[in-house]
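Here are my notes for a colleague opening this entry for the first time. Please keep the sequence and the 3D view side by side while reading.

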Amino acid sequence: MASSGKHERPAPKTEEEPETKKPRLAPQSTTQSVQLNPADCNLDFDIEHNGLEGHALHHKGFAYCWSGARATVGIRGGKYCFACKVTDTQPVDMEDTPADQQHVSRVGISRGDDTVGNLGETEHSFGFGGTGKFSTGGKFSDYGSKFGVGDTIVCAVNLESRPLAELLFLKNGTQLGVAKRFDSGPKGLGVTDTPLKKLSWESAIFPHVLLKNVVVQMQFSIEDGLVPPEGYKPWSDALQDGNGIIGPQFSSKKDCEVIMMIGLPAAGKTTWAEKWAKDHPDKRYMVLGTNLALEQMKVPGLLRKQNYGERFDRLMDRATGIFNTLLDRATKVARNYILDQTNVYKSARKRKLRAFVDYRKIAVVIFPPPEENKVRSAKRFKEMGKEVPADAVNEMLANYVLPTSKDMPGSDEFFDEVLFPELKRAEAQKILEMDKSQLKVSSKSKSRDNSPHPRAGSVASVTGPRASAAPSGSWRGSEEPSMDRNMYNYNSPQAVDHYRRTNSSSPLPGNNFYGDSRNTFQRSDIMDPRGLAQYRDTASPYSANTYRDTGSPYSANTYRDTGGSYSANTYRDPPYRDPQYRDPVPPYSANIGSRYAPPPLSSPYGMPDPGRSQSRPLMPPGPSPMQPRPGWGNRPY
């Protein structure tokens, strides 16, 4: 089967690719030591020295990232403790970050199914940070005192306490008091007095550390150097006591899979990937993309992507570098991955997947219907407030090739399976070809802003079968009336356009503008007042910048369309903003009325536009009849 639109995909077993298996639980053993879990940590987290030393990457953009890890053993009852000693800091270049936020750590506990990079920022995790703050559910409060290099923090958990469990910390042997009392039962964490879930680690709490440019040494047993407070046992005793649960583990890369998302910006790839990962907790997918990097670069309680400001470009550069490094590391660590990028270039797909030799490889093509795509584009713009340039989207569109599975005739890609969750292959291919054809037409007209897709990162589009107007107001929708219906581009056998000579071979006196087949303007007489920049289109035919001049007499608002062809904002300069010169009905919004007589046919501007033949008074209101009228050069009327 070449492709399928079903979400629940069969995974046929072949000689080359064995059927995907779930992560295995290590066998229960009373002699098993407790360590940091390489199958339950961020991809940039390194575990060394018998699984007890932890630190993360810290070069370039990684210096801004938090990175976390959990231990291999969790508990469901009893009173146990573990310790974390901060042994060193890592050199970083972070001039734009306060010194007290450059080298920090957080120690605590979390339920096994919680996000490993969010200790203290979810409802199922509790953390004590080096800044002297305790946090849970993203809420931070003062607790204890600051700690750093040379300090040892002991985390003690009492699940025997009733009616609420207790969590407390010690700094260098000194108790700091109870940090939190919480419900560990069925109505709370679901750890004590509750049936064991199918995925057992979801029913236990685990030691958890979150680091930023520091090195830590963990202590889970007496042999590791742990000194338990009175009444608490070392964490390593939980297995022997029958209160321990083993965390997730992967035995080999052949047990893992990599899903590659494919689609243009704002198609809905990240939404699908995050939902798929949430709906399949047994796979413990790691979603790799720039969003992951931005999330890891959070400041306490605040994601940086919610506070872009002027740092957006710099953050995105860092995020891209982080992603490329993580992708390289992913090929060496046995995990399940989702690659969340556009991946529309076939060559890029092959390059990224080539190193995933033993993984099962699946493509997921997100190609929504045109109307749904517009909605998602608008939503993305509202959330992000930024847009990928239209040129970049056009380039992706021009090179977009739908993926093929390796069993399809003529395929040279590595996919074992290709899924189309929304539009199926045939319909997606048809719309893609239509969009590419529209793009070629736009390219021939040299219209840089024209794109058949509203997919520019957040939103950007003007024409084509899938176009929509951008919420930012900087793009114009395809449904807007053509400029051929107004005074600036009127093509009629009964009249001569004032600004385009399309029906006569002889130029008009005082006007040497000639129309061409691309609906743009050419200038042959730079002395004519209308040869200035206000009549030049530098972005697209009749875009928001057309007929715009920051100087007098054509101010920035003159000839500007903000709601339709020549709306109430046209001719805003006095005296033409008076009510008698405004008509709210497009396309001829100014000066329509039978009380105005037509100009003399001997006007040097030629025959008037029929749509404006009743539009001009013989004399303008105001102090002087010689006051120039916007749009008519230096001649008053």
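1. Start with cysteine 155. The closest cysteine sulfur to its own is in cysteine 81, at 8.7 Å, too far for a bond. A disulfide here is a pair of cysteine sulfur atoms within 2.5 Å. A search of the whole structure finds zero of them.

2. A word on the source. This is a predicted model, in which local features need pLDDT of at least 70 and side-chain atom pairs count only at pLDDT 80 or more, while totals for chains, interfaces and linings use all residues. Residues are numbered from 1 along each chain as its sequence is written, and side-chain values use heavy atoms, with hydrogens and water left out.

3. Is cysteine 155 buried or exposed? Cysteine 155 is buried, at 0% relative accessible area. Cysteine 65 is buried too, at 2%. Buried means under 20% relative accessible area, exposed over 50%, and partly exposed in between (1.4 Å probe, protein chains only).

4. Now look at serine 161. It sits in the loop between β13 (152–158) and β14 (165–171). Serine 161 counts as buried, with 16% relative accessibility. Its side chain reaches the backbone oxygen of leucine 164 at 2.8 Å.

5. Helix α2 spans residues 269–279. Helices (H or I, at least four residues) and strands (E, at least two) are DSSP runs, numbered from the N terminus. The buried residues of α2 are Lys269, Trp272, Ala273, Trp276 and Ala277. Seen down the helix axis, they fall within an arc of 125°, so they line one face of α2. The arc is taken from the directions from the axis to the C-beta atoms. Thr271, Lys275 and Lys278 are exposed on the other side.

6. What covers the buried residues of α2? The cover includes β21 (257–262), β22 (286–288), β23 (337–339) and β24 (360–365).

7. The largest nonpolar core has 49 residues. Such a core is a set of buried Ala, Val, Leu, Ile, Met, Phe, Trp, Tyr and Cys residues joined through side-chain atoms within 4.5 Å. Leu288, Tyr337 and Tyr400 touch the most other members. Elements giving two or more residues include α3 (290–296), α4 (312–330), α7 (390–398) and α8 (425–444). α4 gives the most, with seven residues.

8. Leucine 288 deserves a look. Beyond its neighbours within four places in sequence, its contacts (heavy atoms within 4.5 Å) include Leu43, Phe323, Leu326, Tyr337 and Asp340.

9. A second, separate core has 42 residues, among them Tyr80, Phe82, Cys155 and Ala238.

Notes
Polar contact = N/O pair within 3.5 Å; in protein donor to acceptor, adjacent residues only side chain to side chain.
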